[in-house]
Structures are given as C-alpha cells and as structure tokens.
Amino acid sequence: MMKVKLNNGYEMPIVGLGTWRSSPEDAYQAVLSALKAGYRHIDTAAIYGNEEMIGKAIKDSKIKREEIFITTKLWNTDQGYESTLKAFEESRRKLGVDYIDLYLIHWFKGYDNSLATYRAFEELYKQGKVKAIGVSNYNVHHIQHLLDNVEIKPMVNQVETHVTLQNHFLHDYCKQNNIQLEAYAPLMSKNIGQLLENETLIDIAKKYNKTVPQVAIRWLIERGIVVIPKSVTEKRIVSNFDVFDFALNEEDMSRIRKLNTGRKIFVEFDNVDY
Ligand SMILES: NC(=O)c1ccc[n+]([C@@H]2O[C@H](COP(=O)([O-])OP(=O)(O)OC[C@H]3O[C@@H](n4cnc5c(N)ncnc54)[C@H](OP(=O)(O)O)[C@@H]3O)[C@@H](O)[C@H]2O)c1
C-alpha cells in the first residue's frame with residue numbers, strides 16, 4: 001500500500017474509494033468490495049448521505065479501525081464555529097467512529113466562514129478527534145488567506161484534477177507549502193466517456209497492458225497526488241486499485257501533460273451557490 005506523509009507526519013493511502021452519488025446501499029457494498037480488494041482509504045461527506053452505511057461496512061469488514069483512513073467533509077450550510085463542532089459530532093456518530101482521519105471544509109464559502117470554520121477544525125484537531133484537517137475546492141488565494149491567519153496549516157486540499165484539468169500551478173503552490181493535493185473526479189466523473197475515448201490514453205494503456213482508467217489513476221500517483229476514483233461496480237473497484245505493478249515513463253507522462261485544457265467539469269470555486 002503506497003502512502004503519502006502529511007505535513008503533521010500522519011500517513012494517508014495514495015488511493016482511496018470515492019463515494020459521491022453512491023446510494024447508502026451501494027456505498028455499503030462498494031466499501032466492502034474495496035476493503036476486500038486492498039483499499040484502506042474511503043472518501044465520503046456529510047452531504048453524500050451515506051456516512052452511516054459506510055460506517056457499518058467498515059465495522060462489518062472486521063478490519064481494525066486504525067488500518068482504515070476515513071475522510072469526511074463539512075457541508076456548506078454548517079460552516080461557522082459552533083455549527084461545525086455540531087456537524088462534526090453528527091458525522092462522527094453516523095460513521096460510528098471515535099475519530100476521523102481527515103476532515104475537510106467541502107467548499108469555499110467566503111473568507112469569514114472559512115476562518116470561523118477552520119478555527120473549529122483546529123479545535124477538533126487539538127482534541128484528537130481528527131487526525132488531519134484540510135480543505136476542498138480551495139484555490140491559491142483561499143488557501144493563502146488561511147495560511148496568513150491560522151495556527152495549524154491545512155494538510156490536504158481536495159480539488160477536481162484529471163488529465164484535462166491538471167492543476168500544475170495549484171499543485172506547485174501546495175507542494176511549496178507542504179499541503180497534499182488530492183484529486184477528485186480523477187476519471188472525469190460524468191464525462192468519463194471522454195476519458196475512455198481519448199486516443200493518447202488508449203495508446204498508452206495498450207503499451208502497458210492496462211486500462212485507460214488505470215493509466216489515468218497511475219498518472220496522478222506518479223505526480224504524488226492522492227486519488228479517489230469512485231465506483232459501485234465490483235470489478236471496476238478492483239481494477240482501479242490494480243495500479244501498483246507498473247509505472248509510466250517520462251515520455252508517456254509528457255504525452256499526458258499535453259492533454260491539459262484547464263477546463264473544469266465542476267463549478268468554479270468562487271461561484272458556488274449551494
Ligand atoms: N470535494 C468535492 O467537492 C468532490 C466533488 C466530486 C467528487 N468528490 C469525491 O471524489 C470521488 C470521485 O469523483 P467522481 O465520483 O465525481 O468521479 P470519478 O471517480 O472520476 O468517476 C466516477 C464514474 O466513473 C465510473 N467508473 C469508475 N471506474 C471505472 C472504470 N474502471 N471503468 C469505467 N467506468 C468507471 C463510475 O461508474 P460506476 O460507479 O457505475 O462503476 C462513475 O460513473 C467522489 O466519489 C467523491 O468521493 C469530491
């Protein structure tokens with residue numbers, strides 16, 4: 001299992017299972033399949049509505065709690081100091097765990113909210129209720145505002161990242177500040193068809209005797225980016241994790257780099273109206 005070390009020394013498996021849009025029942029099965037396949041990292045969020053069943057799957061797997069890395073996220077309407085502490089307890093109760101490995105602010109919702117929410121995150125971190133804290137959908141200016149005002153550096157920034165939205169600038173900034181970048185929608189989410197049909201990726205996949213999704217996931221691993229492909233289909237869950245027996249060479253890495261268009265599938269971080 002490949003892991004990255006966060007800026008506080010805590011270790012995070014480089015591949016995890018995404019669970020957005022997985023119904024509670026599907027998420028339950030998906031988590032069991034993933035844990036069986038060797039995953040030890042699950043990504044959820046309060047808004048996904050599946051924390052309870054994910055917690056149940058983790059329990060039913062009989063794998064020791066401390067071997068599994070669980071991320072959840074604070075929803076936008078719960079931002080603010082007191083409301084964050086309350087929402088955290090709710091997520092923790094639903095997941096049925098004593099602590100959460102990584103707690104993220106789900107979206108940037110203004111500088112005041114960001115600070116107030118993050119102060120509650122720092123409190124939860126100091127109390128040992130979360131092992132790491134971070135943000136999601138934060139750009140350079142949002143992160144810089146935190147760095148200028150808070151005591152504990154965020155450890156992770158989870159953002160949309162895939163072959164056509166490569167985020168080199170944001171990644172460099174995060175590396176300079178020792179913040180781990182984490183890629184959501186690594187298979188281009190609802191636009192996965194575009195990924196599967198990409199000629200360059202098909203060509204590279206053939207060369208390594210791998211699939212296009214495996215190449216897309218491996219390319220993020222080569223960049224040192226944590227990646228959380230989502231699937232509720234057992235054979236895809238297994239296949240998305242079978243990415244540790246090959247490495248992309250420099251030539252193929254630079255061929256993929258040329259696929260960058262910078263175009264987002266998800267909303268621009270400063271324009272979130274939910
Ligand atoms: N922080 C945020 O704001 C945010 C936003 C979006 C996502 N996320 C997180 O990131 C995770 C991943 O992003 P995502 O779910 O949007 O998209 P994704 O992982 O890029 O793609 C998921 C889609 O690809 C399909 N798929 C998965 N593996 C496949 C394979 N090997 N071959 C063919 N199709 C495959 C899935 O279908 P099936 O499930 O039907 O197999 C699903 O339709 C989410 O689940 C969530 O945990 C976070």
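Student: Is K62 buried or exposed, and how many C-beta neighbours does K62 have inside 10 Å?

Tutor: This is a predicted model, and burial is read from a count of neighbouring C-beta atoms. K62 has 7 C-beta neighbours inside 10 Å, so K62 counts as exposed, because the cut-off for exposure is 12 or fewer. K62 sits in the loop between helix 2 and strand 5. Its backbone deserves a look as well: the phi of K62 is near 70 degrees, a positive value in a residue other than glycine.

Student: Which loop holds N167, and is N167 buried or exposed?

Tutor: N167 lies in the loop between strand 8 and helix 6, which spans 168–176. N167 is buried, because 21 other C-beta atoms lie within 10 Å and the cut-off is 20 or more. N167 is not a glycine, yet its phi is positive, at about 60 degrees.

Student: How should I read a sheet, and what is the strand order here?

Tutor: Strands of a sheet pair through backbone hydrogen bonds, either parallel or antiparallel. Here eight strands form an open sheet in the order 3-4-5-6-7-8-9-10, with parallel pairing. The edges are strand 3 (17–18) and strand 10 (226–227); each has a single partner strand, so one side of each is left without a neighbour in the sheet.

Student: How many bridges join strand 4 to strand 5?

Tutor: Strand 4 (residues 41–43) pairs with strand 5 in the parallel sense over three bridges.

Student: Where does K73 lie, and which residues does K73 touch?

Tutor: K73 belongs to strand 5 (residues 69–74). K73 is buried, because 24 other C-beta atoms lie within 10 Å. Leaving out residues up to four places away in sequence, K73 touches A45, A46, L104, H106 and S136.

Student: What pairs with strand 8, and how many of its residues are buried?

Tutor: Strand 7 (residues 130–136) pairs with strand 8 in the parallel sense over three bridges, with V135 having N157 as its bridge partner in strand 8. Strand 9 also pairs with strand 8 in the parallel sense, over five bridges; there the bridge partner of V159 is A183. Four of the five residues of strand 8 (residues 156–160) are buried, so strand 8 is largely enclosed by the rest of the structure.

Student: Which residues of strand 9 point one way, and which the other way?

Tutor: In a regular strand the side chains alternate between the two faces of the sheet. In strand 9, Q180, E182 and Y184 point one way, while L181 and A183 point the other way. Five of the five residues of strand 9 (residues 180–184) are buried, and the strand is mostly covered.

Student: How do I describe helix packing, and at what angle do helix 1 and helix 2 cross?

Tutor: Two packed helices are described by the angle between their axes and the distance between the axes. The axes of helix 1 and helix 2 (residues 51–61) cross at roughly 35 degrees and come within 8 Å. This crossing is right-handed. Residues in the contact include Y28, V31 and L35 of helix 1 and M53, I54 and A57 of helix 2. By class, the residues of this contact divide into 10 nonpolar, one polar and four charged.

Student: At what angle do helix 1 and helix 10 pack, and which residues meet?

Tutor: Helix 1 (residues 24–37) packs with helix 10 at an angle of about 35 degrees, their axes 9 Å apart. Helix 1 passes helix 10 in a right-handed crossing. From helix 1, A30, S33, A34 and A37 meet E234, I237, V238 and F241 of helix 10. The residues of this contact divide into six nonpolar, one polar and one charged.

Student: How many residues surround the ligand, and which are the closest?

Tutor: The ligand is surrounded by 25 residues, of which the closest are G18, Y184, L187, S189 and K230. Helix 10 (residues 234–241) supplies the largest share of this shell, three residues. By class, the shell has 11 nonpolar, 11 polar and three charged residues.

Note on methods
Residues are numbered from 1 along each chain as its sequence is written. This is a predicted model: local features need pLDDT of at least 70, side-chain atom pairs count only at pLDDT 80 or more; totals for chains, interfaces and linings use all residues. A residue is near a molecule or strand if its C-beta atom, placed from the backbone, lies within 6 Å of it. Helices (H or I, at least four residues) and strands (E, at least two) are DSSP runs, numbered from the N terminus. Ala, Val, Leu, Ile, Met, Phe, Trp, Tyr, Cys and Pro count as nonpolar, Asp, Glu, Lys and Arg as charged, and the others, Gly among them, as polar. Axes are lines fitted to C-alpha atoms, for helices over the stretch in contact, and angles run from 0 to 180 degrees between N-to-C directions. A crossing is left-handed if the near helix is turned anticlockwise from the far one by less than a right angle, and right-handed if clockwise. Two residues are in contact if their C-beta atoms, placed from the backbone, lie within 7 Å. Two strands pair if DSSP finds at least two bridges between them.
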